[in-house]
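The sequence and structure come first, followed by the notes.

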Amino acid sequence: NRLEVNYELPMNKIPYLDFIKATYTYNSNFDWQRGGDVLRSLANEDINTVQNSNSHSINANMNMNKLYRELGLTKKKSRARRTALPAKDGKKTKAKKKSKLGGTALGLVTMLKRLNVNYTENNGKALPGYTRGLGFLGTTKPSLGFVFGSQDDVRFEAAKRGFLTTYENFNQPYIERNDKTLNISANLSPVNGLTIDLKANRQSSSNYEENFKVNGSLATNDLEYEALIGNERGDFTISNMMIGTIFTKSDEFGSEVFETFRNNRLEVARRLAISKGADPNVVDADGFPLGYGKKSQDVLLPSFVSAYTGQSPSKVKLGAFRNTPIPNWEIKYTGLMKNKWFRKRFKRFALRNAYRSSYSINSYQTNLEKKTLGSDAKDVNGNFLSDYIFRNVTLVDQLD
């Protein structure tokens, strides 16, 4: 079962918003898979799998020049240039200066020329252990919404209604998938010959698997879904900014930023202790709050980010994931070709500068030990267990 919906938002019907062209696309898919004969013979019933998926996509393009024309801004700019020409010598010079200042100010106000925003989200669920079949025209079970791609949780209701197997040795996991991508780009031109392209992005992907069993009996109407072990895995990356520390001293004898990283740990540890409700003044042998030692993952990650991005350890976000992407840029200036000296010697001459930076978490997964032992459990070093285990966290930047 498939569904596709394309819709162009009627921005042209709204005054002063016709400079925006925006489209929304929705796709969904539903699939029913028959279980194997071996499992059927063991459980003495059909054990199938139902799964669905959906995707949302929003693409918005904003032509800012069209907005400026509607607001009369570009019109005013043209009129200012015409009124400066007929004036006489002294007044003419004064009028030209006013016109130039006005044109520069207007150029700064209208420097944003184009803005594009694209957001895509893909979701999916797979529910094994499903005992119902398909009718002649399909099915509306486990729910009509699920058939058309809804990501509402149907596990508990499906178990309650007897749609899931009670076979005690069933071990196929329930699965949730989620991918999100946000891309933002903007084009600016403050003055003739100068263009600035800004780009920001954020990407995340996660896959959650959960083993389960169904307790009770359909005859006594007390069926209940019980989650056993759940494990999330994923990746994350976001555009970042590290320009504030790119020129700090670093050689074979030491690194200024690395020392900042080491020093930031204590402030971060104290903040974590306070957020946990613990006393930050009760410390270990190294002077760190109990449960948040100098080698704790929860302490190291924010300290690392704050040092290399130039943020204060008292303000840096304590969690691992970031919400707001920071724009990177590419700047190009071709205005020197207006000069005769450059035109005589070059066919093309441009000055360019580009900066790119990213913050990435690769292959993180749920800390199953914490899920088993509880939120106050500690590792062998006496540190509170983290919610996730991070295999690799990287900060990268490049200046061209």
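**Salt bridges in a predicted model**

The side chains of K276 and D376 form a salt bridge with an N to O distance of 3.4 Å (a salt bridge being a side-chain nitrogen of Lys or Arg within 4 Å of a carboxyl oxygen of Asp or Glu). This is a predicted model, in which local features need pLDDT of at least 70 and side-chain atom pairs count only at pLDDT 80 or more, while totals for chains, interfaces and linings use all residues. Residues are numbered from 1 along each chain as its sequence is written, and side-chain values use heavy atoms, with hydrogens and water left out. The salt-bridge count is 11.

**K276 and D376**
- K276 counts as partly exposed at 30% relative accessibility, whereas D376 counts as exposed at 55% (buried is under 20% relative accessible area, exposed over 50%, partly exposed in between, with a 1.4 Å probe and protein chains only).

**E210 and R155**
- A salt bridge joins the side chains of E210 and R155 at 2.5 Å, N to O.
- The pair links distant parts of the chain, 55 residues apart: E210 is in strand β6 (residues 194-215) and R155 in helix α6 (residues 155-160) (helices, H or I of at least four residues, and strands, E of at least two, are DSSP runs numbered from the N terminus).
- Both E210 and R155 are buried.

**E226 and K213**
- The side chains of E226 and K213 meet in a salt bridge at 3.9 Å, N to O.
- E226 is partly exposed at 31% relative accessibility, and K213 is partly exposed at 39%.
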